[in-house]
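Please keep the structure open alongside while you go through them.

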Amino acid sequence: MRHFLLPLVLCAAVASSHANEPQLRIQRTDKAPVIDGVLDDALWKEATRVTKFYQREPVEGAEVSEKTEAFLAYDSDMLYVGVRLYDREPDAIVALEMREDEEMINDDIFTVAIDSMLDRENAFLFYLNALGTKGDARIENNTSFRREWNGIWYGAASRDDKGWIAEFAIPFKTLSMDVNAPAWGLELERYIRRRNEFATWGNYDQDKSFFYVAAYGDLVGLEDLDQGLGLDIKPQAAARYRRRYDGGDKDLTIKPGAEIIYKLTPSLNASLVVNPDFSNTVVDDIKTNLTRFNLFFPEQRDIFVRDADIFEFGGLKEVNGIPFFSRRIGLAFDRENPEPLDIDIGAKLSGRVGRYTLGLLNTQMAGGQEVGSKNLSVARVASDIQEESRIGAMMTYGNPVSGNDNGVAGLDYRYRNSNLFGSQVFVADAYVMKSFSEDIDNDDWSYGLTLNFPNDRWNAVASYQEIQENFNPALGFVNRSGIRKYVGELRYRVRPENNRLLRIINWGFKSSFTTTLDNELESSNVYVRFFDLESHDGDQLATWGNWYHETLFEPFEIQPGVVIPDGDYDFYSLWGKLVTAVHRPVSTEIKYKFGEFYDGDIIDVHAILRWRPAPRFYFTLERRVFDIDLPAGDFEFEINRARVNINFTPTLSWTNYLQQESETHIMTFQSQLRWIIVPGNELTVTLNHDWNKDNGSYKRTEADLFARLVWTHRF
């Protein structure tokens, strides 16, 4: 337990305080604007005006290169933001993405980011490009960006010979908020893509990343906000037609369901979901596994994505050893029978009460795969302490894959100081957990410590993690137990002055060493970045080298019939990467790796070609090839992907995604038509089709056609 002493020492240090970021007092109005992308409403003449925007990139603290004016006002129902984005070269404005909720970092965009809980950790993001395409996301725990989050709001944009205009109307019903907070955190951000220029109103310190909510400015003056009853009722109707080609089975199912979300307080949400349908979820990317350990696939289902940050624990960014992984609920765990299991009902309580953050989740999973109906529960609580730190606890109960009981209990602590040595950021995370499984009463602990110095010039990480042999979070994710893992990372960055070509040069290394609990080295990886160059346009060229060590305590069958003998292996490889800026109509990404692999050799080539001839069309071709030569046998396999997106309007799109993988001889295709009728009301029609290779040719195995309609009633 000595690993927890350092955070306690840091606690005794002088607590950091919120820096003197800018403050903005907003004006109240009774003249709601028409959200049409034109600043001709009387409201904008009386609104609070913001004209001071400063570069984060490329020159920290320099004035934005193009004049920018933002106007803010509110009434009891909504926050209104109007922006005039001047541009001396209006024809050079980059506006490519027409599909709502897509990543728009390749476009000129304007973003409104709101920390309505004033927790200095989490924020709601709303952004528009010059085509009027909307996007939203959540920043979570000052570190991660969750684009899967969707909120109900309104936006429009237009272009003219002066540049472009954006208008936002953000309902307070969409936000969780602390009505007793003296202010909200606010950030206003402009991205000028052709110059790769990022300008902000509040935080332009390059040591504090785009995700660092703690450095936002303050928005004051919000009073008497109305969230109505705080009740959203979202009935849904779903239909599914399935055909299995191997047995000739056909069936049609109708699946009604509903979700009810109620704000017990402005900062505490209760939700109930009955018979949910996830047919609109994007298909997972096919992955190839060259390791001895299970792969991790991220959560994409909307009911689990919402408030997911609350259930993060211990600062665990490594997926191995997390106590709660929501994909355990309802998704397949039996490779021989990969049919997902239904969720009959689920209830969630999430939000804040004073200085406490709460998360409670309970689901009833339908029976199947030789396991009966299961009740699965997670509880999370954390308390703010000092200025930026917190202490918390988590408990899980339930076993989705067995009739045996299982649970996990854990404590975690985060110390954060965003004013170290003036403006540097330092974060320390520590945790301890114990699992409770039937017939197991020893060696079932996990604990760890991570020290993070995530700044611009120097970025360093050091961590320690121990997962004992019998630690088993049935609702979490562990693919390697009985280990101790040590990680060290260092990156040094230079920003050349007056260099017309290069903006950033990075050097550094990453290392990890995994031992048994008897301190016998089992795996290690040392990654040395020889150089990593980034141009002002966003092009990138990088090379690095790797040293690997693997100790196999038993033979490893990496492919059918190809067995690597047990023993110690040291092997080396070199990597190279070339990326061209994706805001161009045609862009590419190429990675090439060659070197040793166990007692043989490997070549790994990964290439992506992107073509966007117009905002309505987007095409991607991707190919990855592995060529592996081992004394026990040679093998080669590949992954091929093709994507075709057609955008009729920002709210009506048709996406098509084809994947083929030669190792398991499978091919999948997803085609989805999505129509956002109005914000909150949506129709999706999805076709999933699978093939399997047999006797040299692909044969159809299964096809599913889904239709799903969701309609939101807000009170």
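1. In which strand is the place of Arg491? Arg491 sits in strand E27, which covers residues 483-494; strands here are DSSP runs of at least two residues (E) and helices are runs of at least four (H or I), both numbered from the N terminus. Please bear in mind that this is a predicted model, in which local features need pLDDT of at least 70 and side-chain atom pairs count only at pLDDT 80 or more, while totals for chains, interfaces and linings use all residues. Residues are numbered from 1 along each chain as its sequence is written, and side-chain values use heavy atoms, with hydrogens and water left out.

2. Arg491 deserves a look for its charge. The residue is buried (under 20% relative accessible area, where exposed means over 50% and partly exposed lies in between, with a 1.4 Å probe and protein chains only), yet Arg491 has no salt bridge, and the nearest side chain of opposite charge, Asp456, is 4.9 Å away. A salt bridge is counted when a side-chain nitrogen of Lys or Arg is within 4 Å of a carboxyl oxygen of Asp or Glu. Leaving aside residues up to four places away in sequence, Arg491 touches Asn455, Asp456, Arg457, Trp458, Asn459, Asn506, Trp507, Gly508 and Arg529, contact meaning heavy atoms within 4.5 Å.

3. For the chain as a whole, the secondary structure comes to three helices and 42 strands. The radius of gyration is 26 Å, close to the 27 Å that the globule rule gives for 715 residues, so the protein chain is as compact as a globular protein of that length; the radius is taken over C-alpha atoms, and the rule is 2.2 Å times the number of residues to the power 0.38. Along the principal axes, the C-alpha trace spans about 75 × 60 × 50 Å.

4. Of the 715 residues, 53% count as buried, and among the contacts with a separation of 6 or more, 58% are between residues 24 or more positions apart. The protein chain exposes about 31600 Å², with carbon and sulfur atoms supplying 55% of that area; accessible areas come from the Shrake-Rupley method with a 1.4 Å probe.

5. Charged side chains number 78 positive and 109 negative, and the centres of the two sets lie 4 Å apart. Here Lys and Arg count as positive and Asp and Glu as negative, while His and the chain ends are not counted, and each charge is placed at NZ of Lys, CZ of Arg, CG of Asp or CD of Glu.

6. The count of salt bridges comes to 48. In one of them, Glu69 pairs with Arg49, with the closest N and O atoms 2.5 Å apart. Glu69 belongs to strand E5 (residues 68-74) and Arg49 to strand E3 (residues 48-50), so the pair ties together parts that are 20 residues apart in sequence. Glu69 counts as buried, at 8% relative accessibility.

7. Another salt bridge joins the side chains of Arg194 and Glu89 at 3.6 Å, N to O. Arg194 lies in the loop between strand E13 (184-192) and strand E14 (197-200), and Glu89 in the loop between strand E6 (78-86) and strand E7 (109-115), so this pair ties together parts that are 105 residues apart in sequence. Arg194 is buried at 16% relative accessibility, whereas Glu89 is partly exposed at 42%.

8. A further salt bridge links Asp694 with Lys699, the closest N and O atoms being 3.8 Å apart. Asp694 is partly exposed at 37% relative accessibility, and Lys699 is partly exposed at 42%. Elsewhere, salt bridges that share partners join Glu66, Asp87, Arg88, Glu89, Arg194 and Arg195 into one network.

9. A cis peptide bond, with omega about 0°, joins Glu57 and Pro58, and Pro58 lies in the loop between strand E4 (54-57) and E5. Asp101, in the loop between E6 and E7, has a positive phi of about 75° although it is not a glycine, and Asp101 is buried with a relative accessible area of 13%. Asn498, in the loop between E27 and strand E28 (502-516), has a positive phi near 60° and is exposed at 79% relative accessibility.
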